[in-house]
Amino acid sequence: MSREALVNALLALALLGAPLIAAAQDEPFYVALASRVAILALAGVGLNFALGTGGMVSFGHAAFFGLGGYVAGVAALHAFEGSPFFAWPFEIGGSESMVVIWLVALAVSALAALAIGAGSLRTSGVYFIMITLAFAQMIYYLAVSLPAYGGEDGLSIYIRSTLPLVDSDDPLTFFLVCYALLLLALFLVHRLVDSRFGAALQCARMNPLRLATLGIAPFPVKLAAFTFSAMLTGLAGALYAELNGFVSPAMLSWHRSGEIIVFVILGGVGRLFGPVAGAALFILLEAFVGGWTDRWQLVLGGILLAVVLFARGGVIGLLAGKARHD
Amino acid sequence: MTDAATGALLELKGLTKAFGALKATDGVDLTVRHGEIHALIGPNGAGKSTLIAQVAGGLAPDTGRVVLLGEDVTGWSVARRARLGLGRSFQVSSLAWEFSVLRNVMLAVQARSAGAWGFWAPVRKDEALRAEALGVLDRVGLTLRADDPVAALSHGERRLLEVAMALALRPRLLLLDEPMAGLGPEGTKELTAFLARLKTECGMLLVEHDMDAVFALADRISVLVYGKVIASGTVAEIRASAAVREAYLGDHLHGSA
Amino acid sequence: MSAAFLIEQLLNGVQLGVMLFLMAAGLTLVFGVMGLINLAHGSLYMTGAFFCAWIAGETGSFWLGLAGGLVAAAAAGALIEILVIRRLYDRDHLDQVLATFALILIFSELMRLIFGDRPLYLDIPGLLSGAVPLPGGGGYPAYRLAIIGVGLAAAVGLYLLIARTRLGMRIRAGESDREMIGALGVDIRTLYTAVFALGAGLAGLAGGLVGALQSVQVGMGEPVLILAFVVIIIGGIGSVKGALVGAVLVGVTDTLGRVFLPQFFGLFLPASEATSVGASLAAMAIYLLMAGVLAFRPRGLFPVDV
C-alpha cells in the first residue's frame, strides 16, 4: 500500500471512529462536529476536482453550496406549510424526503454550473476567478432579495427530512449518511481522475494547447468537470442546511467560497483526501482554538500563509510526500 | 483524403494577418503535396511562427483560406484540425508537464483512438494504449526514457517526444516547428534519417533553421521574408535564386556543395 | 422627482466612484506592474480608516487623522510587501489569492486586537460640515464634494506621476516588460515596494475619507474590495485611466440603481418588497455591467497590452 493510500485509510478511519466513540460516550456535540467535517469535506471534494484536478480556480463555489442549502430549506418550508413551490403548469410542492432533496440539489447545482461554466470557462487566470466570484455574488444578492425565503435573515428548517428505514433525526445516523456520501464521492472522484476523462482533464489543467493539439477540445472537458464538481458541493450544501436546521445567504457569500478553497489547500490541493484532512483541520481549529480564543482566525490565517509560502502540498503533502502521477 | 484535383494535403491561399500596421503574413500561397517534405525557411522575424499558428488553428487569418485534406478549415479550432489529420510539434516544447514521457504519448494515442469521454476504466492499465505508445516511443528512440518525468528530458529529447506525440495521432500532414533545435550532430543525423523515412506515410511542412537538414530533406522549399513568400521551388532552384541569396541565405550558400 | 434630487444622486454616484478609484488605482497598478492579485487591499483601506479615526479621536484633528491614516496604510503596505508579497510575484494566481486571503484574516484579527471589537467613529471636520447650494434648489454636503475633489486631485496626481516622473516611467516600463527593466539596472525590489505602498496609501486615504460617512469597523473593506475588482476588470487590468472610468461607471450605476430601481419596482410591487428587490437588483447591476463590458471587450475598456 502506498504511503498516500495508508494516510487516506487512517483519515477515513479516524473520521468514522471519532463520532462512534463520541456517540458511545453520549456526546452528540462531537457527533455533529464530525458531521460538519464530513459535509465540508464533501464540498471540498467537489471544489478539489475542479481546482486541483482541472486547474479551474473557482472563487464562486459557495454559489453551489448555497443553492443546495436553499433547495433543502425551500423544500422543507413548502412541506411544512403545505404550499406549492410553483403551481403552474403543474404543481410542485415541498418535500420531506431526503433523497428527493438530494436529487433536486444535484440537478439545480448542475444547471447552475452549466450556465456559469458556459459563461466563464472560455476565460482563464484572474478573469476566471473574478467572473466566478461575480456570478456567485449575483446569486447571493438574489437570495438576499427574496423575502419569501427569508431574505437576509435566512430560512429555518424545522423538520429534518426523512430517509426510509432509518431515523434521520438521530445525530449518529445522520453522520453515517453524510460519511457514506463522502466515501461515495471520494470513490467516484478517484475513478474519474484515473480514467480517460481524468487524463484529459489533467492535461487541460497542465497545458490546454497541448490537449487541443492532440484533438481534444478543452472546453467541454472542463465544463463537464466543473458541473460534476458543482453537484458534489451542492449536495454538501443541502446536507449542511439540514444539519444546522438553517440556511441563509451567508452560505452563498464569497467568504464561504474562500473558506472552501482554504481548507482544500490546507489539506493538499489535488490530493484525493486533501479536502478531508483540510476540513478536519479547519473544524478542529474552529472548535478548539476558537473555544480558547476569539482570535482563532488569526491562527488560521497564519497557518494558511505558512502553507502557501512553505508547505505547498498541505497536510497530505507533509504526511505522504509529493503526488505521483504515474 | 487529399484534394482530388491537386493531390494536395495542405493549401494556403492568400493568407494575410496584420498586427496593427505590421503585416506578419502578407498574401501567402503555399501547397504541401502527399509524400513530400515542404520546408519553410526565412530569417528571424519573417513571420514563420505566425504562419504556423494560422495553419494549426491558434490564430485566425484576416483574409485567405487554409485548406487541409480538401476541407476549408479556416474557421476550425485546433482540436478539430487535429482530428482531421494534422499533427504538430512545437518549437518551444508544449507537453503535459507533470506526466511521464509514456503518459504523454498514451494521451496522444488515447486522443486518437478513444477520446476523452471514458469515465470508469483506469487509463494507465489499458494495455493496448500502453503497447501502442511504447511502439511510438520506440520509433523515435525514446524507449529508455518512457517512465521519466518530462522535466528530466533534455531539449533535444523533448523535441523527439513532441514528434512522437504528433505521430501517435497517425496524421496525414505533420507540421514540424524547428524539430532539430537542441539536437546535437548525432541527434540531427538520426532525426533527419527518421523524417526521410517518414515521408511516405505523411506529408510535412517543416520549419527549420538547420540548412543542412533542410537541403537533405526538402522536396520543395518556400522562403518567407517579412511575411511574403519571395521564392518557392526545389532545393536546386532555391540555391540558385539570386533573390533568396540576397534576402536571406548570404554566406550559407558560399562553399556549400 | 426633481432635478435637484437627480443631481444629488449623480453626485453621490460620482463620490462613490471617486472613492472606488482610489481603491482601484492601487489594485490595478500592483496587478499591472507586478502581476499580483492582492485580496488584502481592502484590509489596507480598513487600516487607514482605523488609524485615521483613532488619531483624529486622540488629537481632535481630522486632518492629522487623515494624514496619519494614509501613512499608516502605506507603512502597513510596505511592511507586508517586504515580508510576504514579494515572495508571491513568481507564484501562480491561486497562491496569491490564498496568501492575500490569509492576510485578510490576519489583518482583521489584528485590528480587533488593537482597537477592540466595537466600531470607531469619525467626525466630519467643522470646515466641511455645511452644505453647498445646488442648482435647482437644495444643498449638497460639502464633505462629499470635498471627497470628489480629493479623488480628482489624486487622479491628476497619479497621471502626472506616471506620465511625467522617472518613477512613473519605471512603472510604465515595468508594466510592459518586467525582465527588461531589471536588466536595465532599475532596482526592482524598491520599485515594487514603492508601487505597493503607493497603492496602499491611496486605499488608506479612501478609508479615512469614508470613515466619516460610515462607522469604522472590521470587515468594512471587503464589500469595497469586491467592487474595486469589478472596477478594474471593467476598466482593464493595469490601466489607471480604466480604473477611473470604470470606477465612475460602477459608482454611478450602483448609486442610481439603488435609488431608482426600488422606485421603479414600487410602481407595481408593495413598498417593502420593492425596496428589497430593487436593492438586490441594484447590487447585481454592477455584475451585469461587468458581464456586459466583458462580452464586447474581453479584456476591459482600456486593456494594457501585457
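Which helices do the buried residues of α9(C) pack against? The model examined here is a predicted one, in which local features need pLDDT of at least 70 and side-chain atom pairs count only at pLDDT 80 or more, while totals for chains, interfaces and linings use all residues. Residues are numbered from 1 along each chain as its sequence is written, and chains are lettered from A and ligands numbered from 1 in the order in which they are written.

The description begins with chain C, where the helix in question is found. Chain C holds eleven helices and two strands, helices being DSSP runs of H or I with at least four residues and strands runs of E with at least two, both numbered from the N terminus. Read from the N terminus on, the order of these elements is α-α-α-α-β-β-α-α-α-α-α-α-α. The C-alpha trace of the chain spans about 65 × 50 × 35 Å along its principal axes. A compact globule of 306 residues would have a radius of gyration near 19 Å, and the 20 Å of chain C therefore agrees with that expectation; this radius is taken over C-alpha atoms, and the globule rule is 2.2 Å times the number of residues to the power 0.38. Of the 306 residues in chain C, 51% are buried, a residue being buried if 20 or more other C-beta atoms, placed from the backbone, lie within 10 Å of its own, exposed if 12 or fewer do, and partly exposed in between. Among contacts in chain C between residues at least 6 apart in sequence, 77% join residues at least 24 apart, where two residues are in contact if their C-beta atoms, placed from the backbone, lie within 7 Å.

Helix α9 of chain C (residues 221–235) has 15 residues and reaches 20 Å from its first C-alpha to its last, close to the expected 21 Å, a span defined as 1.5 Å times one less than the number of residues. Because twelve of its 15 residues are buried, α9(C) is largely enclosed by the rest of the structure; among these buried residues are C:L225, C:F229 and C:I232. The buried residues of α9(C) pack against α1 (3–34), α2 (41–59), α10 (240–266) and α11 (271–296) of chain C, together with α5 of chain A. Just after this helix, C:G236 takes a positive phi of about 105°.

The contact between chains A and C takes 30 residues from chain A and 31 residues from chain C. On the side of chain A, the elements that give two or more residues are α5 (125–144), α10 (254–267) and α12 (296–310), and α5(A) gives the most, with eleven residues. Of the two pairs of chains that touch, chains A and B have the most contacts, whereas no contact joins chain B and chain C, whose closest C-alpha atoms lie 13 Å apart.

Chain B is divided into domain 1 (1–85 + 172–257) and domain 2 (95–170), with bounds that come from an automatic or database domain assignment. The C-alpha centres of these two domains of chain B lie 26 Å apart, and their contact takes ten residues from domain 1 and eight residues from domain 2.
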